Structures are given as structure tokens and as C-alpha cells.
Amino acid sequence: LRELAEKRQLSEEIVSLLQAQFSDLPRELHSWRQMADYSPEMRQFACLLHLYHIKAYDYLRKILPLPHPYSLTNWLSNNEAAAGFSSDIFLRLQDKVERGDQACRYCAVLVQDVPLQKQQEWDPQTKQLTGFVDLGAGILDADEAPLASEAIILMAVGISSPWTAPLGYFLVNSTSGRFLAQLLRQAIHKLNNVGIVVLAVTSSASARGAETARALGIRIDPKRIQCTFQHPPGSAHSIAYFFDVCHALLLIRNALQCFQKVEWLGDTMWWQHVVELAALGEQRVLELCSPESGRAGSKGSYHLKVNLATLLFSEGVAEALEHLQKLGLASFQSCSGTVKFVRLMSSLCDVFYGRGPYGKEPFLAGNYTKISNLFDEARSCFVNLTDSVGRYIIKSKRKLGFLSFLLNAESLKWLSSNHTCPKGTPSHHLHAHAFSLDPLEQFLRALQQACGSSSPTCTVFQAAYHKLLASCSLAPGSPPSSGSASPWDASLSQRRAVTLGSIHAQYHPAPGRTLAPEYPYSAGLLLPSSALSNALTDLSLHAQSLTCTAGWVAEQLALDLQCEACFASLFEAGESRLRCRSVLYIRKLGGVSLPSASVHHITSISEQVLNRYGKVGGANKNTKLWHLCLEQKVFQELLGESPLFPTLTNHLFEGELSINNHYTVLVKEITRCYLNIRTHPAQHLNLKYPCGRHKLKRLKGKHLFPSPLGSCQSS
């Protein structure tokens, strides 16, 4: 080992670790001849050396009779959700293949890392110290051994059917691309042994991901892209390599932000157009009413509102820029090149996300030519992109995002031409979902919720992984769940970083969490909570007060919403000027956005339930159980009525059993937010004189409304 280090074939760090952990290994050759007689320490040594440096392992094989690398796979496997490959998952996959499940025959392998908190702990059950590096062959717990700082997770995803299988995890301190390459080859070999063919590998578009690709034999050069690698090395079977699209989009966003202006073949993309769009906020506009409204020729007042949940590289942003240009806004008068670039990126995302005109199976008959032309257009754009002084971006330090898309395009074309699944499978076409990290990100989000932390200790991580593995069914469309998912999970964490909202936050940072609009205190004062107040309150005032409260609920929820369609469904918008909901025309009442009919209906039912089942602020009425009972009553009232949110029909049928998707979560969040306001008014009212009478002012219309909070006075 020291000789290898002197020849720079092995790092000093690895040598020190091996010497500290395995100082008492037998040196006699006869001790290494029979693998069945290997001690746990000898197995650990062989596995560790192979994963960290395959050339060093091959070198030692000339001296010691070490086993073939693929014979190490069993030593890297464990039961009971311990570190290493999960033996139970591979047995279940083998059983499905042997029973003739063709959908299980082909898959892609995804790899991602999870940060861990370095902490040494004592496990009273195993009577061992934990928190150290563990690759599946045993914990490396020498005094000089490092603590684990991250977990590498591998997952198999169906190509022709959306099944997922977490293959295992590995606790490491630091990793290299060569290490991940060997880990991926071990996973591919183990899947091949149970009868599953691996067609693709996906990693993040990062420095480590690029190093992993190169270690496998991938060439990322725009002049000569090699998008496949052989497994086993030198064999005829090739496997395509993908970079995660979300990571690549983030890199491209960073590049555009740094360069501010990029040019290609006579067109110019200005980053400032995107910044101006994200910062537009709300603007009051006058629009002529259409003849269909029955009031042709009259003018209606709207507030133009940018939907900050819109993805940067989407058709919605392209349409929004064009629309604002037609409105005559000076900041958007030269945005044609920006629109062209955003539209190109949007089309690429449609292919790789399996959405838009191509659907979930982009290479169906009739699509191949269109997609090939799109990829050619993207290549022509990317290789000719220059910055403001004429330097090619594809040769700059900001090139990885663009190279990732070029590699993905070649991989997808190669797969469609060489590895279309047999017609015996449920769908013999390629599904684009298998070539991104989205399925693994969903698993990691559930894992994080089970851990209760984004950076858990090894002990907490392993307990959460064990819990999720127990609920893993391997059925299509049913990833493991830790319970209720985050309400606003329309986009995964990486995708949220490329929305207009993220750009707005960069240029207009808030000191803390974005503050909600001022609560319409009139609702808290005028909404009745007793029979007497029902009799004394002007019903027209009550109706407007309820509308204001519903509008405030919509604005409150919009602060955290990450789904463009759900965001738009919260508000009563004017006639749609755009096919997409990136720019909304919203009416206002008393300074509050008017809610959509569905939001208004949910809050109305919530108010009826509240009046029927208890007094606001009464004894024992603020417990969590009481709130859950009220929510249940509201849902019972809503059952059987006409459908809510007509624009969210697709969301209604998403998710496992359609129970916890955007549609159902939106209804629950509206109900919870409204009930919270009505049962805890003091938390939302910030009045200096809560017992005084409020000065009223006349708004446009027939009714009186209290003046805004800032002008409240005590008489």
C-alpha cells in the first residue's frame, strides 16, 4: 500500500485509513486463498480497496489471490435496512422477474447523495459505536477512521412502467467520481444477476457527476460526445448516461445570470428581461370589457399579477414576455431573443419531463423527427452561444449545464434507436420520467420528513430508511411515503430554484419569511359568531367581509405555493389573455384580491360549519382535535357537490389513490387557513385599540367598509 501511495496510485488518506483499520490483517499468502475462509476484516479490506481504487485492487490481485471484483457484491449486501445493497429488495425484484413481470425487465439506475451530521453514537442493541463510514461490509470504527458525512443512495426505476426500488445506501466521508462509478457497476451487476437489464444511469449535473461519467467512459465534448459506456467493460452491452435536467437547468440559469447577455446566430438573450418580469409585482390596468360580457365599450379595472410559481424556462414565461411587450411596457420592448431562448429551453424540458405535446412517451411514432430537429436546433444554439465580448460559453467555466443537455439529447436518441423495450411489455416505449432524479428526489423528501431534519445523524437516517423500506411496494406509481407530503410539492427542491419566485427573492430579498398581506380586519369584526350578531349584521356587509377573508386566505397560501396551475386557481381572474397562467388579471376589493369561486365556496362552507358546531374562542375550542373535527365536517359538507377548481382536473387524479395530490391538499389548506383565522383572530389583528369603534369610509359601491389598518383610530 505504501508503494502504491509513493507511485501516486493511491491517496495518502486511503492508505492511512486502511492501515488504521486493518493493521492486524494476515500477511501470509495461504490465508487469502479460500474466500470462504475470509474473516470479516479481510472482506472489509477487499471491498474498501476495490470501491476506492480499482487500479490498486487490480495491482494487489497480482500479489494476493483477491476475489474477482464482481464477487464482492454479496459482501456489500445486507438485510434489515443496514448499509449496503438491500438483499430483500433484490429478492423481491428477482421474484417479479421470475413470475414473468415484463415491466420489471428494464430499468435505469439513479444515484444521489444526502448530507449527514457527523456524530459518534453508541448503539445499545449492537453494543457498537456508530456514525462511521460503512459500505455494507462492516463499520470502519478505528480511532483514526473518519465519521460519515453523507449517504449515497441508489435507486432502480422502470423504463416502461413507473415502478421504483431503493437498492441501498452507503455511508461515506468523502467520495470521488471513481468511487461512484465502481458503486454503480456493482449495482448494475447485481441487477443483471436477478434478470434485470439496466439501460441508463442518471446522476446530478455537478462536478462529482461529471467525474463519475468520465470514470465510466463517457465523453462530454461538444465536438465528439460519447453518451454510452460498456458493462461489463469490453462487452457488447452499452448503457446510456444522463445528467439530471433540474440540475442542468439551474446551471444554465446561473450562467445566464453571470453573463447577463448572451448571443447566438443573430439573436440576443437578456437576463434583465427575466429580472424585470419577476419584479413586476402588481400593476393596475384598465381593459375594455369584451362584447361577451354584455358591457361592451365599458372599462374594467384589473390588477396585472405575475405568477411567481411559473418555471423560468417555460412557455408561460415566453408568453408573458410577449404579452408585456404588446402592452407597450418599455422594459420588454426588445425581448424577442429572450423569448426565443426561453421557448427553446421550454421545448427541451417538455421532452425530458414527458409533458406538453410529446406526453410521457416522447419517442412515439411521429415525434422522432420533430424531436431530432429540436435537438439539432439546441445544439446549434449552445455551440454558438457567446458572451458580451465574443467568448464561446461552451468553452467557459459555465459550460456544464449546456453540455448536460447535449449529452442527454444524444443519450435519448441512442436509446430510442437501440433499446426500445419489447412489445410484450405493458408499454414498449421509453418513459422520460426514468431519466431524471425526480423519483429519487421524491423518496429523499419522504426520507427527510421521516428523519425530521435535512441533515440527520447516521442513527436517525438508518431508522428512517428502515421505516420507508418497510412500506416500499415496488408497485408502479407508489413510492414509499412517510405520511403526509409537503403541501406545496409541485416542484422538487431543485425545480423551485428555477421559478420566477426564486429570481424575485434574489433581487428583492426579505429580512425573513415573506410577510402575508395585511389581514382584512373587517372580516374578523363583521363575520358573525352568534345568533344575535347574525340578526344585527347587514348581510351585504357580511358577504363582502367573507369575500375579503377568502381573498386574504388566497394571498396567504400563494406565498408558499410552488405550482403554477394551483397558484392561478386561487384568484378570480379576468378573461384569459394567455393560454398559460404566468400573468393573471385579478380584480380587487378593499385592497384584497378577489378569490376564485372555489376558494370562496370552501370558506363559505367553513364559516357555516364554524357557526353550527361551536362558538369562536369558547372553552376547549382551540385544541388540535377540535380543529380536525371542524375540518372533517367541512369535507363532509363538500362531498357530493359540484367539482371545485375546474382548471385542476388533472391534479385530482394524481398520486396514490388520488388521496394526497395538489387538488386535495389545496382544499385542506384553504380550510385550515380559514379556520385558523376565525378561531385565532388576535394572532392576525394588530390593532392598537381593539375595543374601539373603527372609522368607516365609503368604497366604490353601496356598502361601507372599515378603513385600512394603518388608518384605524379610536374614538
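Which residue in strand 8 does Val109 stand opposite? I started my notebook there. The model I'm looking at is a predicted one.

**Entry 1: strand 3 and its neighbours**

I looked up Val109 and found Val201 of strand 8 opposite it. Strand 3 covers residues 106-115, and strand 8 covers residues 197-203. The two run parallel, joined by five bridges.

Then I checked strand 6, residues 150-158. Strand 6 runs antiparallel to strand 3, with nine bridges between them. There, Val109 has Ala156 as its bridge partner.

How many of the ten residues of strand 3 are buried? I got eight, so strand 3 is largely enclosed by the rest of the structure.

Gly84 has Tyr169 as its bridge partner in strand 7.

**Entry 2: salt bridges**

A reminder to myself: side chains of opposite charge can pair when their charged atoms come close. My search of the whole structure turned up 13 salt bridges. I followed up a few.

Glu150 pairs with Arg208, and their closest N and O atoms are 3.0 Å apart. This pair links distant parts of the chain, since Glu150 is in strand 6 and Arg208 is in helix 7 (residues 207-216), 58 residues apart. Is Glu150 buried or exposed? Glu150 is buried, at 9% relative accessible area. Arg208 comes out partly exposed, at 23%. I also found Asp113 tied in: Asp113, Glu150 and Arg208 are linked in a network of salt bridges.

Asp88 and Arg92 make a salt bridge at 3.3 Å, N to O. They sit four residues apart in helix 5 (residues 87-98), so about one helical turn separates them. Asp88 is partly exposed, with 37% relative accessible area. Arg92 also counts as partly exposed, at 26% relative accessibility.

Lys413 and Glu410 meet in a salt bridge too, at 3.7 Å, N to O. Both lie in helix 13 (residues 400-418), three residues apart, which is about one turn of the helix. Lys413 is buried, with a relative accessible area of 18%, while Glu410 is partly exposed, at 28%.

**Entry 3: two helices crossing**

Last stop: helix 10 (residues 315-326) and helix 11 (residues 336-353). Their axes come within 8 Å and cross at roughly 160°. Why do I call them roughly antiparallel to each other? Because angles over 145 degrees count as roughly antiparallel, and that is how helix 10 and helix 11 are classed. The crossing of helix 10 past helix 11 is left-handed.

I listed who touches whom as well. From helix 10 the contact residues include Glu315, Val317, Ala318 and Leu321. On the helix 11 side, among them are Ser336, Thr338, Val339, Val342 and Arg343.

Definitions and conventions:
Residues numbered from 1 in each chain as written. Predicted model: local features only at pLDDT ≥ 70, side-chain atom pairs only at ≥ 80, totals over all residues. Heavy atoms only, no water. Buried < 20%, exposed > 50% of the residue type's maximum accessible area, 1.4 Å probe, protein only. Pairing = 2+ DSSP bridges. Salt bridge = Lys/Arg side-chain N within 4 Å of Asp/Glu carboxyl O. Axes fitted to C-alpha atoms, helices over the stretch in contact; angles between N-to-C directions. Parallel < 35°, antiparallel > 145°, perpendicular 65-115°, else oblique. Left-handed = near helix turned anticlockwise from the far one by under 90°. Contact = heavy atoms within 4.5 Å.
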